[in-house]
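Subject: Structure handover

Hi,

Here is the structure you asked to take over. My notes come after it.

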Amino acid sequence: MEEGSRREEPQKEEEIWSWGAGTDGQLGTGKLKDELLPQLLHLPSLAASAAGSISMLACGGAHVVALTSGGRVLTWGRGTSGQLGHGEMVNCLYPKAVNSLEDHVITHVSAGWSHSGFVSGHFLMEGAFSLVGMAHLVSLAMGITLRTALLLKSPTL
């Protein structure tokens, strides 16, 4: 090796592990069962593509929201209140992309008991946020009291 040069290490594939309660699919393992030991998740090709690696996880009541370094969102677990953002009210046993957000660069995610929140761009500049899930949990902010699986967007500031 020449002086000043470094030997590049092969890049290790990112791994995400989960364990604990899994009866609603929230572990992302494809099984509806609790796991006492860490289980390796098999992420869709989205996470390995230009969307980047998983940079953040938010855990809700029985669902998970993952944010990639490229601003894409994956969700899995209980979806019976629409909190996964897939446009339907069903559980998802594996990480799945939230396609309704693919035209936005998401910068922050959160997960509540039966809802999820997403922020795109710089919040103070764009004022863009979205909520999915049981709207009565966010009715003070949105003025809505119906259950919905639709994506709700803030008014432009």
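This is a predicted model: local features need pLDDT of at least 70, side-chain atom pairs count only at pLDDT 80 or more; totals for chains, interfaces and linings use all residues.

Residues are numbered from 1 along each chain as its sequence is written, and side-chain values use heavy atoms, with hydrogens and water left out.

The protein chain has three helices and ten strands. These are DSSP runs (helices H or I, at least four residues; strands E, at least two), numbered from the N terminus. The order from there is β-β-α-β-β-β-β-β-β-α-β-α-β.

The chain has 157 residues, and 41% of them are buried (under 20% relative accessible area, 1.4 Å probe, protein chains only). Its accessible surface is about 9500 Å² (Shrake-Rupley, 1.4 Å probe). Carbon and sulfur atoms hold 56% of that surface.

Now the second largest pocket. Its volume is about 190 Å³, the space filled by probe spheres set on grid points joined across faces, edges and corners. A pocket here is an open set of points on a 1 Å grid over the protein atoms alone, where a 1.4 Å probe fits, with protein on both sides within 12 Å along at least five of seven lines; lining residues have an atom within 4 Å of a point.

The lining has 16 residues, and S18, Q26, L27, C59 and V64 are the closest to the pocket centre. β1 (17–20), β3 (54–59) and β4 (63–68) each give two or more residues. β1 gives the largest share, three.

Best wishes

Methods: Buried means under 20% relative accessible area, exposed over 50%, partly exposed in between (1.4 Å probe, protein chains only).
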